[in-house]
Amino acid sequence: MPPGFYNPYDQQVYDAGFKYIPQSKYLLNPFTIPTDDSTTTPPNTGGITTLPTGGGGGGALQAGGINYDSFAKAGFDAYAKRQPTPLVNDLYQSKLDKTFMGFPSYKEQQLTGPDMGEYIASKKYDVPLELTRAGKVQQGFQNIGQGITGLADKIGGFGPISAILGSMDKFDTLPELDRQFIEQNMGYRGPTVFGENTGGNYVDPFGVNTRSAFGNYAEKVRDDFSSLGDSLTGRLSEKYGATFNTETGLFESDDEEAAALANKKTTMMRKKYVFRQKQIDQQEMNRKAIEARNRMEAKAAKENQFKQEQERQRQSDQARVDRAYREETGGQGGSYSTGESGQQSDGSYNDPFDPGGGEKDGGFIDGTNRRTYYMNGGLADMLEIYD
């Protein structure tokens, strides 16, 4: 940056590696440079904006206040509301029997006493159903790419600005699984570790926009998880003389004081690692579900193709039978009575009245074709053979 671009404090922030933090004059609360290893790694935004609406003051989330389950629930609930309403004509029992990944897709609504009494009194025994979380995910897979309100849509009516932003939005070009994951995380609008979310955007607790016109939140999560894991198991393990357990999210050591110090100094960093780990698990579940869906669709397509081929063969066989009745059963029995009908160029025999049922070498028994054998009195022998 040119000399004098930043004031002295902002220059310190920039030099400390936080190159994406706006200058103090644009912030409600000045950004505070972290003093431990929890957040000293500069964020790799990957095109995703981090909201710097404060530096740990005024409503900022602390490590103990970050709850993945609450964040995920907000995302899934909002995601479900953006999906089309399920068909109301589905049979009641069929909905109750429907499952996704082994979990029920529907459940009976939890009615209060008066409501339940009304159903019983009116003999409406079918208590209203609602989608479970698994059902919401299942329904979402059937509507991937639908229900998203893009940035351009939100500011519709601004003419050229809307058109320009719409053309710049690359969301629709992202991989299917990444779009699915992003949509599932568009529900939380609460405070972040930087302070209150005054912009009202969909964010995660670490101040990262989950929906961006220019970035890929799913990729950002993967990059974060990889980077955090490398730092915790490498540089910081060496620094504190303790080993980071990726399963528990804690540092361990025979030296209890060393482990305690490492855990204390990396509280936020470890919290973020565990949070990202759960998001990675969510992406993996999505991947398996979509792969299962694709396998089912491929199987159904293959079965449909096989049925079409069977139908074509049936129609072809029927056409040959119809032709045989028209052309080969007249006069003195026609060519069918002499055995000439159905004689193939390779010497085999294909009975026009039984397509595909002929015999090799032009014979049925002892080299005699089926029709000739029957007409020559071989029926008794044939019955004896199959007796």
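This is a predicted model: local features need pLDDT of at least 70, side-chain atom pairs count only at pLDDT 80 or more; totals for chains, interfaces and linings use all residues.
Phe71 belongs to helix H2 (residues 68–81), while Tyr188 lies in the loop between helix H8 (176–184) and helix H9 (217–240), so the contact ties together parts that are 117 residues apart in sequence.

Stay with Phe71 for a moment, and look across to Phe275. These two rings form a tilted aromatic pair, 5.3 Å centre to centre, with 55 degrees between the planes. Phe275 is in helix H11 (residues 267–327) and Phe71 in helix H2, so this pair ties together parts that are 204 residues apart in sequence. The relative accessible area of Phe71 is 2%, so Phe71 is buried; Phe275 counts as buried because its relative accessibility is 3%.

Ring pairs link Tyr68, Phe71, Tyr188, Phe206 and Phe275 into a cluster. Across the whole structure, a search finds 8 aromatic pairs. One more ring deserves a visit, this time for a charged neighbour: Arg189 lies over the face of Tyr202, at 3.9 Å from the ring centre.

What about the nonpolar packing? In soluble globular proteins, nonpolar side chains tend to be buried together. Here the largest nonpolar core has 25 residues, and Ile66, Val193 and Tyr217 have the most contacts inside it. H2, H8, H9 and H11 are the elements that give two or more residues to this core. Helix H2 supplies the largest share, 4 residues. Another core, of 11 residues, lies apart from this one, with Leu232, Tyr240, Phe251 and Met269 among its members.

Let us turn to the charged side chains. Side chains of opposite charge can pair when their charged atoms come close. In this model the count comes to 10 salt bridges. One of them joins Asp178 to Arg222, with the closest N and O atoms 3.0 Å apart. Asp178 is in helix H8 and Arg222 in helix H9, so the bridge ties together parts that are 44 residues apart in sequence. Are the two partners buried or exposed? Asp178 counts as buried because its relative accessibility is 7%, whereas Arg222, at 32%, counts as partly exposed.

Which residue pairs with Arg276 at 3.0 Å between the closest N and O atoms? The partner is Asp204, and the two form a salt bridge. This pair links distant parts of the chain, since Arg276 sits in helix H11 and Asp204 in the loop between H8 and H9, 72 residues apart. With a relative accessible area of 0%, Arg276 is buried, and Asp204, at 0% relative accessibility, counts as buried too.

Arg276 also meets Asp224 in a salt bridge, at 3.1 Å from N to O. Here the link runs between helix H11, which holds Arg276, and helix H9, which holds Asp224, 52 residues apart. Asp224 has a relative accessibility of 8%, so it counts as buried.

Methods
Residues are numbered from 1 along each chain as its sequence is written. Side-chain values use heavy atoms; hydrogens and water are left out. Rings of Phe, Tyr and Trp (its six-membered ring) pair if their centres lie within 6.5 Å; planes under 30 degrees apart count as stacked, over 60 as edge-to-face and the rest as tilted. Buried means under 20% relative accessible area, exposed over 50%, partly exposed in between (1.4 Å probe, protein chains only). A charge sits over a ring if NZ of Lys or CZ of Arg is within 6 Å of the ring centre and within 35 degrees of the ring normal. A nonpolar core is a set of buried Ala, Val, Leu, Ile, Met, Phe, Trp, Tyr and Cys residues joined through side-chain atoms within 4.5 Å. A salt bridge is a side-chain nitrogen of Lys or Arg within 4 Å of a carboxyl oxygen of Asp or Glu.
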